[in-house]
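Hi everyone, thanks for coming along.

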Amino acid sequence: MSAPIVLGIETSCDETAVGIVRGRSLLANVIASSVEEHARFGGVVPEIASRAHLEAMQPTITQALKDANISLSDIDSVAVTAGPGLVGALLVGVGAATGLALGLDKPIFAVNHLAAHISVDALTHTETLTPTIALLVSGGHSSLLQVDDITGSITKLGATMDDAAGEAFDKIARVMKLGFPGGPTIDALAKTGDADSINFPRGLTTSNDWQTRPFDFSFSGLKTAVARYLEATPDYAKADVAASFQEAIVDVLLLKSLAACKASGIDSLVIAGGVAANSRLRAVAEARCQKVGIRLRIPVPGLCTDNGAMVAALGSLMVAAGRAPSPIAFDADSSLPVTTVSV
């Protein structure tokens, strides 16, 4: 018997995304982004995002079915992001997924957006890393997790105390007038800069921090240091600032991640989330993990940012693990904790 087909819907922020998987095989991954509508505001506007989801949902589902070369009647289960995220945006996806599940008389899995980011690893690797340390880095989240079972056992080791890494990228890009989103622009600009030219601070890395908050992150001090440098240096070299700023973030993320691996005795690391697409993070992670014998897995860049494939992947893993589906009536939770894999 072939593996079940799962359709996943993701609407936690500004991407209306639908993915379809059969077991661990990706059949379709369609994303309709509203980022251009938010760019002139320098960040995501929740009301605009919600309206964009409403407009894009039906055509995105239609295109995903076409790409997968299947019909709605072929769907065995539906999965949807129930949180965390923008509550209005989440409700659009939850409403669409619930309607599909009711109409098709199929089970629905209301899953955690953050766990889904980690689950997308299943679409590119046949071997399941269990347990593993997971570094989750995106515009809204920077967390270190111990994943013993992606379908039901995730322990939070640490998280950001202020700005997330992706948020810091966006804010510094705004100060440097580089546009929104800031991550890809800074990544590209940094390639021509000198990462050692400016010694920006590494947050929460003093000896006391390692004793009291070893796996937590803080990027607000770094953001302030960059802003002050720009103000004090009118003729600054943009590429050098971008490279030095990026290096500070990458350095801290990997220092903490490898420390978590060492403390837990776990020899594998998964890096996921939008910032995982950063070329410098990927290169340094590969070099440092290889040096200390840690197995590293990072999704291909196209599966790092928010997408429906990751939601479908987690739904598929839930089915394979024999997890019970969600009730047909459930609430979207904008602050759903990462330890709650499904609702």
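How much space lies in the second largest pocket? About 230 Å³. Before I go on, please keep in mind that this is a predicted model.

So who lines that second largest pocket? There are 18 lining residues, and T128, L129, T130, I150 and L317 are the closest to the centre. If you look for elements that give two or more residues to this lining, you'll find α4 and β7, the latter spanning 142-149. β7 gives the most, with three residues. By class, the lining holds seven nonpolar, five polar and six charged residues.

Now let's turn to the largest pocket. Its volume is about 1,000 Å³. Here the lining is made of 35 residues, and nearest the centre sit S138, G139, G140, D170 and P181. Two or more residues come from each of α4 (113-119), α5 (165-175) and α6 (182-190). The largest share belongs to α5, with six residues.

On the α6 side the contact uses I186, D187, L189 and A190, while α9 brings K238, A239, A242, A243, F245 and Q246. That contact comprises seven nonpolar, one polar and two charged residues.

The other pair is α2 (residues 46-68) with α3 (residues 87-104). Their axes come within 8 Å and cross at roughly 30°. The cut-off for roughly parallel is under 35 degrees, so α2 and α3 are roughly parallel to each other. What is the handedness of the crossing where α2 passes α3? This one is right-handed. From α2, the residues S50, H53, L54, M57 and I61 meet G88, A89, V92, G93, A96 and L100 of α3. Sorted by class, the α2 and α3 contact has seven nonpolar residues, four polar ones and no charged ones.

That's my tour, and I'm happy to take questions.

Terms used. Residues are numbered from 1 along each chain as its sequence is written. This is a predicted model: local features need pLDDT of at least 70, side-chain atom pairs count only at pLDDT 80 or more; totals for chains, interfaces and linings use all residues. Side-chain values use heavy atoms; hydrogens and water are left out. On a 1 Å grid over the protein atoms alone, a cavity is a set of points where a 1.4 Å probe fits but cannot get out, and a pocket is an open set with protein on both sides within 12 Å along at least five of seven lines; lining residues have an atom within 4 Å of a point. Grid points are joined across faces, edges and corners, and a volume is the space filled by probe spheres set on the points. Helices (H or I, at least four residues) and strands (E, at least two) are DSSP runs, numbered from the N terminus. Ala, Val, Leu, Ile, Met, Phe, Trp, Tyr, Cys and Pro count as nonpolar, Asp, Glu, Lys and Arg as charged, and the others, Gly among them, as polar. Contact means heavy atoms within 4.5 Å. Axes are lines fitted to C-alpha atoms, for helices over the stretch in contact, and angles run from 0 to 180 degrees between N-to-C directions. Angles under 35 degrees count as roughly parallel, over 145 as roughly antiparallel, 65 to 115 as roughly perpendicular and the rest as oblique. A crossing is left-handed if the near helix is turned anticlockwise from the far one by less than a right angle, and right-handed if clockwise.
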